[in-house]
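Colleague: I have not looked at this one before. Could you walk me through it?

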Amino acid sequence: MERYIELVEYNIYSRGNMINVIDYVNGRRNYEAYTSLFMFKSDVIDYVKNNISEKTNRPSIEGYIGECQASYLWIDIDIEGNLPAATAKMIDVVMKIHDKYKITHRSLSIFFSGNKGYHVGIPTKSFGADDYSSDILPKVFKSMVEALVGFGGGADKKKYNSSRIFRAPYIQHQ
């Protein structure tokens, strides 16, 4: 089954570009880029095309309620103005993942997400959810992250809805 993601390139306001996940190349870019946290079925294409954002006057995924899937459960760690504290929180999160799920740091996807933090990705196949598709997946992931690391002190709970994007790995930070 085909899956689609939102790819935002060059400018965070250039939203609404849905591409087939197999067409996405996760590699170095020397410009700003973001992707959706979730993958979607083909019905998202028509939804985005027909849903024009009042803010940007562009096609938008905002408000989409439909099935989504993920290859990773992403934990976004941001501590404004205190990168050493964000680094310590990231290490703490990695240790908690190891203690709870017995997943080593080598199995995780960890990368610097900007001036204030990190993204830590747990492969969904590590806990048997790689084929799981649901319209409540963002809520399930939010609950899992809250149970694992809690919110506050660095973990960002706003990321867990179907329209959120996050900084793509391996890009040049602006």
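Modeller: Let me begin with a loop: Asn57 sits between helix H1 (43–50) and strand E5 (68–69), where helices (H or I, at least four residues) and strands (E, at least two) are DSSP runs numbered from the N terminus. This is a predicted model, in which local features need pLDDT of at least 70 and side-chain atom pairs count only at pLDDT 80 or more, while totals for chains, interfaces and linings use all residues. Residues are numbered from 1 along each chain as its sequence is written, and side-chain values use heavy atoms, leaving out hydrogens and water.

Colleague: What is the phi of Asn57?

Modeller: Phi of Asn57 is near 60 degrees, which is a positive value in a residue other than glycine. Most residues other than glycine have a negative phi.

Colleague: And is Asn57 buried or exposed?

Modeller: Asn57 is exposed, at a relative accessible area of 64%; buried means under 20% relative accessible area, exposed over 50%, and partly exposed in between, with a 1.4 Å probe and protein chains only.

Colleague: Which residue takes a positive phi just after H2?

Modeller: That is Lys102, with a phi of about 60 degrees. Lys102 belongs to the loop between H2 and E7, and its relative accessibility of 61% makes it count as exposed.

Colleague: Let's stay with H2, then. How far apart are its end C-alpha atoms?

Modeller: They are 26 Å apart, which agrees with the 27 Å that the 19 residues of helix H2 (residues 83–101) should span at 1.5 Å a residue; the expected span is 1.5 Å times one less than the number of residues.

Colleague: Which residues of H2 are buried?

Modeller: Ala86, Lys89, Met90, Val93, Val94 and Ile97 are buried in H2. Seen down the axis of H2, these buried residues fall within an arc of 140 degrees, so they line one face of the helix; the arc is that of the directions from the helix axis to the C-beta atoms. Pro84 and Asp99, on the other side of H2, are exposed.

Colleague: What covers the buried residues of H2?

Modeller: The cover includes strand E6 (72–78), strand E7 (109–112), strand E8 (117–123) and helix H3 (137–149), with contact meaning heavy atoms within 4.5 Å.

Colleague: Changing topic, which strands pair with E3?

Modeller: Strand E1 (residues 4–9) runs antiparallel to E3 and is joined to it by three bridges, and E9 also pairs with E3 in the antiparallel sense over three bridges; two strands pair if DSSP finds at least two bridges between them. Val8 stands opposite Tyr34 in E3, and Thr35 stands opposite Phe166 in E9.

Colleague: Where does Tyr31 lie?

Modeller: Tyr31 lies in the loop between strand E2 (18–20) and E3, and it is buried, with a relative accessible area of 17%. The side chains of Tyr31 and Glu9 are joined by a polar contact of 2.7 Å, a polar contact being a pair of N or O atoms within 3.5 Å; within protein, one must be able to donate a hydrogen and the other to accept it, and residues adjacent in sequence count only if both atoms are side-chain atoms.
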